[in-house]
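Please look over the sequence and the structure shown here before reading on.

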Number of protein chains: 2
Amino acid sequence: MKSAPGPENKAHQPRKASQPNEPARPAAGLDAMLCFAIYGAAHAFNRSYKPLLDPLGLTYPQFLVMMALWDEDGQPVKGIGEKLGLDSGTLSPLLKRLEQSGLVARQRDREDERQVRITLTDKGRELQRDAEGVMTAIGHAVGCSLDEAMSLRNELVALKERLSSADE
Amino acid sequence: MKSAPGPENKAHQPRKASQPNEPARPAAGLDAMLCFAIYGAAHAFNRSYKPLLDPLGLTYPQFLVMMALWDEDGQPVKGIGEKLGLDSGTLSPLLKRLEQSGLVARQRDREDERQVRITLTDKGRELQRDAEGVMTAIGHAVGCSLDEAMSLRNELVALKERLSSADE
DNA sequence: CGCAATTTAATTGCGCACAATCTAATTACG
DNA sequence: CGTAATTAGATTGTGCGCAATTAAATTGCG
């Protein structure tokens, strides 16, 4: 996808057109570009991760879940959901598949039976070692310095926060 | 989602741990953070767009397709796909639904019957007016200046390009 | 204590994204 | 010209993400 996408072209054109509320339009058009840039970058990351995660038998969202569990084993579905911004509609089947792959186990919490705790199996823990190569390769594919990546990351996190609070 | 997600915590921990290949690990860890920040921001945009697009009867991907068509009406499926980075597996059913909504028409190209050209209906063209309010509202929700949004957009487009070329 | 309200995870339904495959049309080449 | 190779879009299959709903468990309140 080397050509500028439609939304971006659209954003530049309002500047040339004579519009009644011109101050509002350029800002809105630019925002369309930003959201589309994020859309495109997110898909690009998915495509970059796929060949690396295929040998591990993981999809990218499953990889994120595994990372959350490597960080904190045994947390309930709700905890994983809060960390990843996903609800149980997404997580339930995803976790089921991870269980079927033998990477995690799902157990009802004894003290609160509404909760289902997700624990890593031995196989699931050992997979963390293979995952290191994945992140190294992605690090190279990103193609910028650590500081630049960090700066961009911080801006995106701030943007996400602003979008989320604007919903309220 | 106010707490730091697992991948981000994971990224900070390798710095404290004594690892044999420490120069590679922080970069890879940080990249995990960056990809997750994009994942989160993309979802946040989806959530921000939904209440605005629901009254128009559009989903966010459909909205992007409409924007591409408002910019250039009558292009073939392949052209839309190139602009949005989507293949016919995604676009075919999506365009069918837009056709069923009466917003577009799909016609076989007379000169090359493999191609299907997508044209806006009157209803589809008029919808552009309603879409202006959507982009204004999103512009406010983004919550930063035009220059900042432009700068962030440029970095993301560059990142996407680098990721895409690393695949080759 | 009893019951309404809330919480948690699972399920249903729908649209999206992509790999693989298929069908028909077009192009390229001997 | 005939045929292999390629192209374009549709289809099949799978996993993801979310709204709405459901069932069971827990909490809150009178």
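## Domains of chain A

In this predicted model, six residues of domain 1 of chain A are in contact with eleven residues of domain 2 of chain A, where contact means that the C-beta atoms of two residues, placed from the backbone, lie within 7 Å. The domain assignment of chain A places residues 1-56 in domain 1 and residues 57-168 in domain 2, and such bounds come from an automatic or database domain assignment. On the side of domain 1 of chain A that touches domain 2 of chain A, there are four nonpolar, two polar and no charged residues. In this classification Ala, Val, Leu, Ile, Met, Phe, Trp, Tyr, Cys and Pro count as nonpolar, Asp, Glu, Lys and Arg as charged, and the others, Gly among them, as polar.

## Numbering and confidence

Residues are numbered from 1 along each chain as its sequence is written, while chains are lettered from A and ligands numbered from 1 in the order in which they are written. The model is predicted, and local features need pLDDT of at least 70, side-chain atom pairs count only at pLDDT 80 or more, and totals for chains, interfaces and linings use all residues.

The pLDDT is the predictor's confidence in each residue, from 0 to 100, and for chain A its mean is 82, with 80% of the residues reaching 70 or more. Within chain A, confidence is lowest in helix α1 (residues 6-16), at a mean of 36, and highest in strand β2 (residues 116-120), at 98. Over residues 1-30 of chain A the pLDDT is below 50, although this stretch has 48 contacts in the model beyond near neighbours in sequence. For the complex, the predictor gives an ipTM of 0.83 and a pTM of 0.84.

Which residues come nearest to DNA strand C? Of the 27 residues around DNA strand C, the nearest are P76(A), K78(A), G89(A), P61(B) and G89(B), and a residue is near a strand if its C-beta atom, placed from the backbone, lies within 6 Å of it. The helix α5(B) gives the most to this surface, with five residues, and helices and strands here are DSSP runs, numbered from the N terminus (H or I, at least four residues, for helices; E, at least two, for strands). By class, the surface near DNA strand C has seven nonpolar, ten polar and ten charged residues.

## The surface near DNA strand D

DNA strand D is surrounded by 27 residues, and the closest are G89(A), P76(B), K78(B), G89(B) and R114(B). Here α5(A) gives the most to the surface, with five residues, and the residues near DNA strand D divide into seven nonpolar, ten polar and ten charged.

Two packed helices are described by the angle between their axes and the distance between the axes. In chain A, α4(A) and α5(A) pack at an angle of about 120°, with their axes 10 Å apart; axes are lines fitted to C-alpha atoms, for helices over the stretch in contact, and angles run from 0 to 180 degrees between N-to-C directions. In this packing V77(A), I80(A) and G81(A) of α4(A) meet S88(A), L91(A) and L95(A) of α5(A), and the contact has four nonpolar, two polar and no charged residues.
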